[in-house]
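Biologist: I'm new to this one and would like a walk through it. Could you show me the sequence and the structure, please?

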Amino acid sequence: MPESRGLNIGEAKGKLGILLVGLGAVSTTVIAGVEAVRRGLAKPIGSLTQMGTIRLGKRTDGRSPKISEFVPLAGIDDIEFGAWDIFEEDAYEAALHAGVLEKELLNQIKDYLRTIKPMKAVFSQDYVKRLNGTHVKSGANKFELAEALIADIENFKAEHGCDRLVMVWAASTEIFKEIDETAHGSIEAFEAAMKENNEAIAPSMLYAYAALKCGIGFANGAPNLTVDIPALRDLAAKSGSPICGKDFKTGQTLMKTILAPGLKARLLGLEGWYSTNILGNRDGEVLDDPESFRTKEESKLSVLEHILQPEVYPDLYQDFSHVVRINYYPPRGDNKEGWDNIDITGWLGYPMQLKLNFLCRDSILAAPLVLDLALFMDLAQRAGMKGVQEWLSFYFKSPMTAPELYPEHDLFIQLVKLKNTLRHMMGEELITHLGREYYDNE
Ligand SMILES: NC(=O)c1ccc[n+]([C@@H]2O[C@H](COP(=O)([O-])OP(=O)(O)OC[C@H]3O[C@@H](n4cnc5c(N)ncnc54)[C@H](O)[C@@H]3O)[C@@H](O)[C@H]2O)c1
């Protein structure tokens, strides 16, 4: 392993397998996008690992390399994709079905997309009420199903000649679950609960368990509890695997965590924030079920409380009203429309309003996040950074943290945290933005 001045980071040699749970809108947009970039057909806009730079040293030093040239990331030519889904459609058919990317683009990379065929999923309608698929594994109990996933991972690695793997959950949002200490409290309790088919063990947890048992990193792009339970945190620490989640930060919540820090920075008060969405893809259909929506709602609601800190600023933020709605509206497909009405107050309490209408594309916003997460998780693994990766909070609506910490939701704090972590890894000075050194000789 090459010695760096920071952490000891293993080389990114050989192939990196990215295993995606779910081959729906987000996953096919990532896979097709990476292939389109590899063939020079499009640019990886929105991806920090592909287009981002990082300032090193003083502002006068003029050192701002690309992140991909600063830290030893896997190259996109070295990526192999694999996936599981409850439907048999290959990546080409699934991408057409998702309707995110134009047929013209998909046809140019059809040969490649056709080669990605999903493995049989571990699935139960008890956890996602609005879906019913047939491409599903059977087993005597949940432990056996997890073992079947482990076999899939091992076969994939051998068949594709991968040196390393990471797993990202980009499957449908499961129903709301809270930590159940009897099943989630320790690795032993979790394994016993799997053998008893305990209903506290959701399919997503079996994928996470399988990944961690194989010593590979797991990132959770949906708001389900999944890897955010004591048993799987312990397993991640024991197996040396990085974990992170939950729920990709795209669309409306991304805008919220951009705008709210700005309002707070200027000490503008908040009376209320009303957010509504219309969304017509399969994700919207799943979220139309109240139990899956509850999982999403919890994830979307928490960001403002943490950013605005009403307990610290009672005059500005106490008892503000925060409402979030998602409406399933099929004609809109993946092109979600978000509406926000924000009631703010200024000097002497005078009211003002802000209206935001974001006509976004959900999977176009999510795809670069999946690529970045996979590459950064692989980097973390090679740097020996196991367990919760708080520095990747930048990508999530409900960032995982140590149990005693509140999460950082402010996008700008999250970006500083991410970049400082990269500097720390490479033994570069952290940037505090103090800047006194420029005036020392005045
Ligand atoms: N697109 C975004 O901006 C965004 C943002 C945050 C979170 N997410 C979350 O990412 C996930 C994926 O979103 P999407 O738009 O691609 O949804 P999608 O419905 O298009 O795709 C999800 C896929 O997962 C499959 N699936 C469901 N359960 C499975 C299981 N147990 N094993 C394997 N496959 C399974 C479904 O069959 C479907 O093909 C959702 O949970 C969504 O809430 C998306």
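Modeller: A definition to begin with: a residue is buried if 20 or more other C-beta atoms lie within 10 Å of its own, exposed if 12 or fewer, and partly exposed in between, with C-beta atoms placed from the backbone. This is a predicted model, where local features need pLDDT of at least 70, side-chain atom pairs count only at pLDDT 80 or more, and totals for chains, interfaces and linings use all residues. Numbering runs from 1 along each chain as its sequence is written.

Biologist: Is D247 buried or exposed?

Modeller: D247 lies in the loop between β6 and α12; helices (H or I, at least four residues) and strands (E, at least two) are DSSP runs, numbered from the N terminus. Its phi is positive, about 75 degrees, although D247 is not a glycine. There are 22 other C-beta atoms within 10 Å of it, so D247 is buried.

Biologist: And D319, is that buried or exposed?

Modeller: D319 sits in the loop between α15 (314-317) and β8 (321-328). It isn't a glycine, yet its phi is positive at about 60 degrees. With 9 C-beta neighbours inside 10 Å, D319 counts as exposed.

Biologist: What is omega near for the peptide bond from G245 to K246?

Modeller: Most residues other than glycine have a negative phi, and most peptide bonds are trans. K246 is in the loop between β6 (242-244) and α12. The bond from G245 to K246 is cis, with omega near -10 degrees.

Biologist: How far apart are the end C-alpha atoms of helix α1?

Modeller: Helix α1 covers residues 25-38, which is 14 residues. The expected span is 1.5 Å times one less than the number of residues. That makes 20 Å for α1, and the model agrees, because its end C-alpha atoms are also 20 Å apart.

Biologist: How many residues of α1 are buried?

Modeller: Among the buried ones are A25, V30, I31 and E35. Helix α1 is largely enclosed by the rest of the structure, because the buried count, out of 14 residues, is 11.

Biologist: Are α10 and α11 roughly parallel or roughly antiparallel?

Modeller: Two packed helices are described by the angle between their axes and the distance between the axes. Axes are lines fitted to C-alpha atoms, for helices over the stretch in contact, and angles run from 0 to 180 degrees between N-to-C directions. The axes of α10 (residues 203-213) and α11 (residues 230-239) come within 9 Å and cross at roughly 15 degrees. Angles under 35 degrees count as roughly parallel, over 145 as roughly antiparallel, 65 to 115 as roughly perpendicular and the rest as oblique, so these two helices are roughly parallel.

Biologist: Which residues of α11 meet α10?

Modeller: Two residues are in contact if their C-beta atoms, placed from the backbone, lie within 7 Å. On the α10 side the residues are M205, A208, Y209, L212 and K213, and from α11 they meet L232, L235, A236 and S239.

Biologist: Which residues does M255 touch, not counting residues up to four places away in sequence?

Modeller: M255 is in helix α12 (residues 251-265). It has 18 C-beta neighbours inside 10 Å and therefore counts as partly exposed. L356 is 101 residues away along the chain, but the two C-alpha atoms are 9.0 Å apart. Leaving out residues up to four places away in sequence, M255 touches L356 and F358.
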